[in-house]
Amino acid sequence: MKDACRISAEALRVAGEAVRPGVSTLEIDTKIRRYIEKQGASPSFLGYGGFPASACISVNNVVIHGIPSKNTILKEGDIVSVDVGAHYRGYHGDNAYTFPCGKISARAQALLNATRESLYEGIKQAVSMNRTGDIGNAVQRYVEARSYSVVRDYVGHGVGAKLHEDPNVPNYGSRGRGVRLLPGMTIAIEPMVNEGAHQTRVLGDKWTVITADGSLSAHFEHTIAITPDGPRILTVCD
Ligand code: MG
């Protein structure tokens, strides 16, 4: 898991270095795929449920599952969510980060900051004997206190030999509810936060998820392990 997650994190770093005005999301996807394959791993998302690329790249009002395309050219001020996983020696890692493209507005930066912070608020609750609701509640409270909304239609998840496993890890909920967390569990915590309302809509390509009201959306994700000593973030670079 640690190796698969490290490769996933490094692939995300490669993506971040490639985000700049004038670049297509397909070019970024190609760099990600080459990096992962060079490590002897394979992109977890490629072919998953028929997904046609190695990473989901979701720009501005796209929440998640954006399909990389040569026609999607990044421009100054965009926010670019990249979600990528690597499969290595039988295990998956999964992580996401929303990158600014060039100089972004203060409003957009505030959304990124709040979403990233909410992920760490969730991670703090990923301790043995807590429940998934403790994570969701911490994320939701942090986000809603800043007048943003948490996406309900998509949630975090267990991750391991399969990319998506039980339990579901919602980014909303009540303390003390949900599945109990125990040492050895590995989960992906991944708040998706909208500047406007939480509702989403899926485009005709059956993948791209957008905010129903057209507002900006950000997404940050880590794969973490529950250990006797607390949460351990696995998706970190060497
Ligand atoms: Mg995930």
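# Helix pairs, a magnesium site and selected residues

The axes of α3 and α4 come within 8 Å of each other and cross at roughly 150°. The model is predicted, so local features need pLDDT of at least 70 and side-chain atom pairs count only at pLDDT 80 or more, whereas totals for chains, interfaces and linings use all residues. Residues are numbered from 1 along each chain as its sequence is written, and side-chain values use heavy atoms, with hydrogens and water left out. A magnesium ion is coordinated by D94, H157, E190 and E221. Helices (H or I, at least four residues) and strands (E, at least two) are DSSP runs, numbered from the N terminus.

**Helix pair α3 and α4**

- The crossing angle makes α3 roughly antiparallel to α4; angles over 145 degrees count as roughly antiparallel, under 35 as roughly parallel, 65 to 115 as roughly perpendicular and the rest as oblique.
- Axes are lines fitted to C-alpha atoms, for helices over the stretch in contact, and angles run from 0 to 180 degrees between N-to-C directions.
- The crossing of α3 and α4 is right-handed, a term for a near helix turned clockwise from the far one by less than a right angle, with anticlockwise giving left-handed.
- On the α3 side, A114, E117, S118, E121 and G122 make the contact, and on the α4 side I135, A138, V139, Y142 and V143 do so; contact means heavy atoms within 4.5 Å.
- By class, this contact of α3 with α4 has 6 nonpolar, 2 polar and 2 charged residues.
- In this classification Ala, Val, Leu, Ile, Met, Phe, Trp, Tyr, Cys and Pro count as nonpolar, Asp, Glu, Lys and Arg as charged, and the others, Gly among them, as polar.

**Helix pair α1 and α2**

- Helix α1 (residues 2-18) and helix α2 (residues 25-38) have axes that come within 9 Å and cross at roughly 150°.
- That angle makes α1 roughly antiparallel to α2, and α1 passes α2 in a right-handed crossing.
- Contributing to the contact are I7, E10, A11, V14, A15 and A18 of α1, together with I28, K31, I32, Y35 and I36 of α2.
- The contact of α1 with α2 has 9 nonpolar, no polar and 2 charged residues.

**Magnesium site**

- The magnesium ion is held by D94 (OD), H157 (NE2), E190 (OE) and E221 (OE), at 2.1 to 2.4 Å.
- Donors are N, O and S atoms within 2.8 Å of the metal (3.2 Å for Na, K and Ca); water is not among the atoms, so sites may look incomplete.
- Along the sequence, the donor residues follow the spacing D-x62-H-x32-E-x30-E.
- Distant parts of the chain are linked by D94 in strand β5 (residues 91-100) and H157 in strand β7 (residues 156-158), which are 63 residues apart.
- D94 is buried, with a relative accessible area of 1%, and H157 counts as buried at 4%; buried means under 20% relative accessible area, exposed over 50% and partly exposed in between (1.4 Å probe, protein chains only).

**Backbone features**

- The peptide bond from D166 to P167 is cis, with omega near 0°, and P167 is placed in strand β8 (residues 165-169).
- N60 is not a glycine, yet has a positive phi of about 60°; N60 lies in the loop between β2 (55-59) and β3 (62-64) and is buried, with a relative accessible area of 18%.
- M129, also not a glycine, has a positive phi of about 80°; M129 is found in the loop between α3 (106-124) and α4 (132-144) and counts as partly exposed at 48% relative accessibility.

- M185, in the loop between β8 and β9 (186-189), is partly exposed, with a relative accessible area of 21%, and touches P167, R180, I224, A225 and I226.

Definitions and conventions
Lists of a residue's contacts leave out its neighbours within four places in sequence.
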